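Biologist: I'm new to this one and would like a close look at a single spot. Could you walk me through it, and then show me what else is worth a glance?

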Amino acid sequence: METIYTLKKQDLKPWLESLAQDSDVYVPARDRDNSLVDFFNLSEIKDDLGFGQGQEKRYVLDLVEKTKRSPKQVMYPHWEDLLDFSYEKDPENIEDEKIKLSVSQEAPNSIIFGLKSCDCQAIAKMDAVFGQGIVKDPYYMKRRENTVLISLGCDTVFEDCFCTAVGGSPYGFDHTDLGLMEDGDHYVVFVYTKKGNALAQASNSYLAKADAKDGQDYKSRMQERGRKASEKMSSMWPKTAVEDMAEHLNKAFDASQWKKVSQQCISCGACTFVCPTCYCFDIRDDKDNRQGKRYRCWDFCTSYLYTLEASGHNPREDIQKRYKNKVNCKYNYNFQRQGHLYCVGCGRCVEVCPVDMDIRQIVAAVLKSKQP
Amino acid sequence: MDKTNIVESKHVMAKENPYLPSVAVVKKTIKETPNIISVQVMLEDESERDSFSFKPGQVAQLSVFGSGESTFVINSPASDPSMLQFTVMKVGVNTTAISNLSPGERVGIRAPLGNWFPCQAWEGKKILIVGGGIGLAPLRPLIFHILENRKKYKDLTLLYAAKTPDDRCYKADLKQWEASKDINLAQTIDTACHGWDEEVGLCPHVLEKMKPSPEGTVAVTCGPPIMIKFTLEVLKKLNFDSSHVYTTLERRMKCGVGKCGRCNIGEKFVCVDGPVFSLEELEKIPEPFI
Amino acid sequence: MAKKLTETIIAKAEELFDQVEVMAGYSKGSNPLKVSPCFIEKKQDLDQLIFDKLCINNLATYAYRLSKQVKGNIGMVLKPCDAKAVNQLISEELIDRAACKMLVVGCAGVLDHQKISRHLGGARVFSANIGPETIEVETAEGKKELKTADFYADKCHWCSISDQDMGGDVFVENQQKLQAPKKDRFEDVKQLEKLDLDQIEAYWKDEFSRCIRCYACRNVCPLEVCQDQCIVHLDFPNWQSQKVVPSENKFFQLIRVMHLAGRCVECGECQRVCPQNIGLLKMMKKMNQQIETLFNFTPGMDVEAKPPLLTYKTVEENIEEEELI
């Protein structure tokens, strides 16, 4: 997959629009009405989307800022129906009421454009949850298989970014299908997977193949850009020894610091719902008369109701236990289960927290204390 | 511990969609206590029924469509997987819906889920079972398994505790076991009452008085969290080795297949790493399991 | 200025501390534009307290929870507008007046750090120096001077609370007086009411299409003390689907509005914490407007006053009842 392409900046719009003909193309854009940056389905906002700052449209493509929500909902929507059920009387025996179950799932071809490296890493972590273990999750996997990831190298360090502290890098293209580097009046397009290759080949009216010499040059420049971006980030946050965190957190499980760091938490789900790697869900039924749907919806572990059992017993009844579980889940438990931290350092949780809880500082404070 | 991957065993979970339940028909309901009811169900699809099997200790997601799913242990003998029994205490929405079922109604079942008691590894050993209230449910298929393979095990002792005589589940079984030579049954209730001539006192206290020998014995316990906690303490006191003490745990489980993340105790998921745990395993997890 | 104020607050808090088990206040935040709520249990830790223009959080959020957690009294550092929420909790007998020691600090208006951060494009801020006229921030691009007046929290623009009203147990006077430019409290409500019903419907549909149901609005509200038993999570009856769709999201907000009718002190926390920038306060203000008109009642001003929806009168002065036939 050594092929490298270039894309003129002016061709970005027609390229994405051409892709949108057979796929749902998600692009990061700012909604000027409320100043939020989010991934939007291109075909839904196409007429209202400007590709440059000057245009007075409601949405404007934003390839610099980080989206408020993570792109996880493209493959793992906030809620989705798992099955339909209906009670049906047996015409032969009117006393007998049978259950009919059916499953229907849409998994449109999707392309997520403009992913940052942290989001891409996060998708790989989601893949591990839903694609490995004792069974695969068919709902997630079907969407995931139909999704192509196009990343863009990231040169900006935002207030809450800390990807390098948890093993990431702003130009970490290891889980993407296509990786883009901004370069003057064009983008350099690196192909990483078969999926990416197929997409690039199908886009030959917009992407131009770079010759071997240019390709080599682009590649080394990309590495250099990545190195610089990482350095800029690392200078702000020292790298933690990722491998040791689980063990340290185990040792610090009974640390007195936990109370102090968690007591301001108001048990809302803002951090969980913007997190690109939080995957927990609830399964519920909505029934209307004799038919209904069983669906799953995101759930958040800081909620009192999350572990509340029907008997009234709640293993994590206070916020200290819940918040401790959350931190451990990200930096300890999932590391033990999957071999990776379930944090990519995007900093979204820090940004949205209503009460200024900074998970970086909290982990640091707990690890420092260690003693109960 | 018997760590066979559950997908390899022959059961409905091997289906492509782990969230899709099998439909089962309620055959019989039994009122165990004023607020506990047992429901016997049979898978509706004949071929599913024929290929279904489970092991003592495994659980199922049982649902009344429209009320939601909850986790219950399959408490009927594993030797007859054609009829599955669940015992529920009427405490929430779904348990109430299940309690109100009558024969002929349909339910959804996703099973079997989770691991099971490592019965084979325990062969040749004495088995001590300590159950409290509805906590006898997960132990019931284990007791049946041992009784059915009686020669493979040494002494089988069951200490069963309940608040009052009326709060005891499976009274018919208890009666049978009382008369049987194959099982030593001791029963206790919290406070003395008229007509009760067995033990009186909280389960851990009675256990301590019984002083079972830890030599070549495996102890298994299940009951309300507080009972498990003190029973385990007594077993430690009686010098039982943590690797020979087992319990089966409960958490608010949703997917049952290790995806939804809800039932974790530390790094373990109760739905795939449990519900059966040895005390040795649990002691390694920093998060308290009670 | 802020330094001297902080010193006075610490001194007053020390005086009050013998009577309380825990003191809720503000401490240094995770970055120069934020402050953090903190809970102080030892007298020697009181020096962590700070107070400046960034202290936007309403610490009354913790009043109910803290009062249930500790056996003794609780102490709270409150701005006059925050004290309204505590007053309301007291008047509803949700917390005990005697068990809550209020340290009220005169307020010159607080800044919304999100407004500043948005203005800076989310850039990392290395330092911030906040004055009454200007804010000096340092980012990777160098130093920048901003106009303080542009970044006040919305509520400060129509604040009409006189400090003395909210005396509490201890009052710390602020030499600076409110500097936020005056704006009409109901301006956004009026704008919306100019539209016809379809347009209003479309507006809310658009707003609630963004809601992610994180419940930050509910959980941060000092008066929504029943969040752990909230009706929206109830399975039976299943009033509220957990499906995140605009109609359900709106339904959830309407439950909140009704629940807070005659109780909401308009501290603006729900809107401030919304990660999706939904204009929730418009709904609250509209309800408050109704309550003011119908019952001539403003929540949180008088601990003795009974909230109108918690009382019953056979004849309401301002409500014309329709004849029942």
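Where in chain B is the place of B:E267?

Modeller: Some ground rules come before the tour. This is a predicted model, in which local features need pLDDT of at least 70 and side-chain atom pairs count only at pLDDT 80 or more, while totals for chains, interfaces and linings use all residues. Residues are numbered from 1 along each chain as its sequence is written, chains are lettered from A and ligands numbered from 1 in the order in which they are written, and side-chain values use heavy atoms, with hydrogens and water left out.

Now to your residue: B:E267 sits in the loop between β13 (264-265) and β14 (268-269) of chain B. Strands here are DSSP runs of E, at least two residues, and helices are runs of H or I, at least four, numbered from the N terminus. B:E267 is buried but has no salt bridge, and the nearest side chain of opposite charge, B:K268, is 4.9 Å away. Buried means under 20% relative accessible area, exposed over 50%, and partly exposed in between, using a 1.4 Å probe on protein chains only. A salt bridge needs a side-chain nitrogen of Lys or Arg within 4 Å of a carboxyl oxygen of Asp or Glu. As for charge, Lys and Arg count as positive and Asp and Glu as negative, with His and the chain ends not counted.

Leaving aside neighbours within four places in sequence, B:E267 is in contact (heavy atoms within 4.5 Å) with residues of chain A, A:Y333, A:Q336 and A:R337, and of chain B, B:D273, B:I285 and B:P286.

B:P275 is in the loop between α7 (270-273) and β15 (276-278). Another cis bond runs from B:A111 to B:P112, with omega near -10 degrees, and B:P112 belongs to strand β6 (residues 106-113) of chain B.

B:N239, in the loop between α6 (225-237) and β12 (245-248) of chain B, has a positive phi near 70 degrees although it isn't a glycine. At 62% relative accessibility, B:N239 counts as exposed. Over in chain A, the non-glycine A:S35 has a positive phi of about 60 degrees. A:S35 lies in the loop between β2 (24-31) and β3 (36-41) of chain A, and its 21% relative accessibility makes it partly exposed.
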